[in-house]
Amino acid sequence: LWVLGMAYLLLALWDRRGAAPLRPRIAGFFRRREWTISLSPWMLLLVVVFGITIFFRFYHLGATPGEMFSDHAEKLLDVNDVLNGQYAIFFERNTGREAFQFYLTALVVKVMGTGINFLNLKIGTALCGLFTLPYVYLLGKEMGSRWIGLAALLLAGIAYWPNVISRVALRFTLYPFFAAPVLYYLFRGLRHMRRNDFMWCGFWLGLGLHGYSPMRIVPFFIVLAVGLSIAHRAAQGKRWQTLAALVLVAVVALIVFLPLLSYVVGHLDMFGSRAFSRLGETERPLPGSAVGIFFSNLWKAMIMFFYSNGGIWVHSVVDRPALDVVSAALFFLGMVLLVVRYVRRRDWADLLLLVSIPFLMLPSILSLAFPEENPSLNRTGAAMIPVFVTAGIGFESLFTSLWHSVRTRAGRLLVAAWVVVLAVWTMNQNYTLVFEKFHQQFMGGAWNTSEMGQVIRGFADSVGTPDTAYVVPFAHWVDTRLVGINAGYPTKDYALWPEDFEKTLSEPRTKLFIVKYDDSAALEKLKQMYPSGVLALHTNPLEGKNFWTYLVPGQPAGQ
């Protein structure tokens, strides 16, 4: 009913002026005797660039990163609920999460047929990250030229920032995924005053509110955009039309948001729990003046492109800039050009593109109770769209200046070669950041639950069963639910605390205990209870990742 409601709303409001009827066009297409495909040099270049971005998004997807952490267990348990018919519009496990990723991953599981695992989570988020890029290209074109769009597409496609947040396989990439079409249709709608653009803006806004909580800042950004637009002289004569367009965006977004709104009405505390815990004092007192923390956070967020993107190891290379050297330089140049352009032309779009960067970073900046979580690449994710478009503006200006400054064929070949060298350099730097530095850092911080899952799976497929394997919990060690997921038993928590060891005495079958390498107390207790057990050390090349297995032979039948 919800989908039908959205479809009928769009059909009812759709502006068909200037467009040929759809049915005759489709019929004419299939009546053709020949279909031809033409490939221009520009289209070939676009295909090559998009192919490079596909490589960066999917290369070594299963291995980078190679382990899960506790948030993944929560997500996969929600996916398992969906697959078992427990449908919801807001999933309350782990302080509550919007629903989009869980249904997307459930679809991936159904299509792939590979069960509930880390890779299926990553496939869904990597696809969202990839499908963000066409709108980055289109927004770049809208802001000046197709060269701006192409440069923005390449830089965003290979960049370490969007690549990492899509590979971590949490909801982080949904923020830019939904914000990109919202920004594109908003900018285009305000420029050309086309009703259909505003409807699509509202559609993606409403759908995005089902994705990731930082998206909740975007409605306020749209109000700001409309305000900036009508405040400029170019809006004379169409200010009321612009305000009517804002109402249209709100109505369409409301219809799409309606299922989640029905939940919010009765569960506002759960829906806002995570946001309020960062903005206010529901979880801990503010560590200082709210105004002082805000401006400190704002400064740290604005310099993260050139200085430090924060210290959260699960989705960034800690304490390094969010951009590579080339992208950072082009971004800085683009900002300068936008300021100069705005002073000369007073084009609201130039100002809005600049303002959108800090505004879309507000979900990170407003972490007043936990300022150590700012800046964060996940909560600033949508800012990457105007950032890379701005970098594209910087590239286009630099490239065209060099191109037109030389007249000879050899000179222009040198300019083209310089662009290729620059592209290869930045691709190499981002490749190193994602597949070497981030991978090594992540694997050093995450626990090797996949290795333990393989041990339990091998045990269950040989001398034991899934029900007679156990993981002995230890403070700040593995999430035992992840061991079960990696073993292929997603609903099984393998935790068995030492005080519960006696419960296994009545089990006659072969048993397997996995113990942290330095948990000597648990090992000693197992040896006392099962003196015939076999102890083995499983080594890992990473420091602190070794663990013990203690195999207890089963009792013969009749004993």
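## Buried or exposed?

A residue is called buried when its relative accessible area is under 20%, exposed when that area is over 50%, and partly exposed in between. Asp-479 has a relative accessible area of 13%, so this residue is buried. Keep in mind as you read that this is a predicted model.

## Salt bridges

Let's stay with Asp-479 for a moment. Its salt-bridge partner is Arg-481, and the closest N and O atoms of the two are 2.7 Å apart. Arg-481 is partly exposed, with a relative accessible area of 21%. Both residues belong to a network of salt bridges that also links Glu-74, Asp-78, Asp-81 and Arg-93.

The model has 21 salt bridges in total. Another one joins Glu-373 to Arg-379, with 2.9 Å between the closest N and O atoms. Here Glu-373 is buried at 16% relative accessible area, and Arg-379 is buried too, at 11%. Glu-507 and Arg-509 also form a salt bridge, and their closest N and O atoms lie 2.8 Å apart. In this pair, Glu-507 counts as buried at 15% relative accessibility, while Arg-509 counts as partly exposed at 39%.

## A four-stranded sheet

Now look for an open sheet of four strands, arranged in the order E3-E4-E6-E5 with mixed pairing. At its edges are strand E3 (469–471) and strand E5 (534–538), each of which pairs on one side only. From one strand to the next, the twist averages 20°. As a general point, strands of a sheet pair through backbone hydrogen bonds, either parallel or antiparallel.

Which way do E5 and E6 run relative to each other? They run antiparallel, and five bridges join E5 to strand E6 (residues 547–552).

Helix H23 (residues 520–529) lies across E4, E5 and E6, and runs at about 155° to E4.

Leu-39, Met-43, Leu-44, Val-47 and Val-48 make a nonpolar patch of about 440 Å². One of these residues, Met-43, lies in helix H3 (residues 41–58). Met-43 has a relative accessible area of 38%, which makes this residue partly exposed.

Definitions and conventions:
Residues are numbered from 1 along each chain as its sequence is written. This is a predicted model: local features need pLDDT of at least 70, side-chain atom pairs count only at pLDDT 80 or more; totals for chains, interfaces and linings use all residues. Side-chain values use heavy atoms; hydrogens and water are left out. Patches are made of residues with over 30% relative accessible area and no salt bridge: like charges are joined within 9 Å, nonpolar side chains (Val, Leu, Ile, Met, Phe, Trp, Tyr) within 5 Å. Accessible areas come from the Shrake-Rupley method with a 1.4 Å probe; for residues, only the protein chains shown count as cover. A salt bridge is a side-chain nitrogen of Lys or Arg within 4 Å of a carboxyl oxygen of Asp or Glu. Helices (H or I, at least four residues) and strands (E, at least two) are DSSP runs, numbered from the N terminus. Buried means under 20% relative accessible area, exposed over 50%, partly exposed in between (1.4 Å probe, protein chains only). Two strands pair if DSSP finds at least two bridges between them. Axes are lines fitted to C-alpha atoms, for helices over the stretch in contact, and angles run from 0 to 180 degrees between N-to-C directions. Contact means heavy atoms within 4.5 Å.
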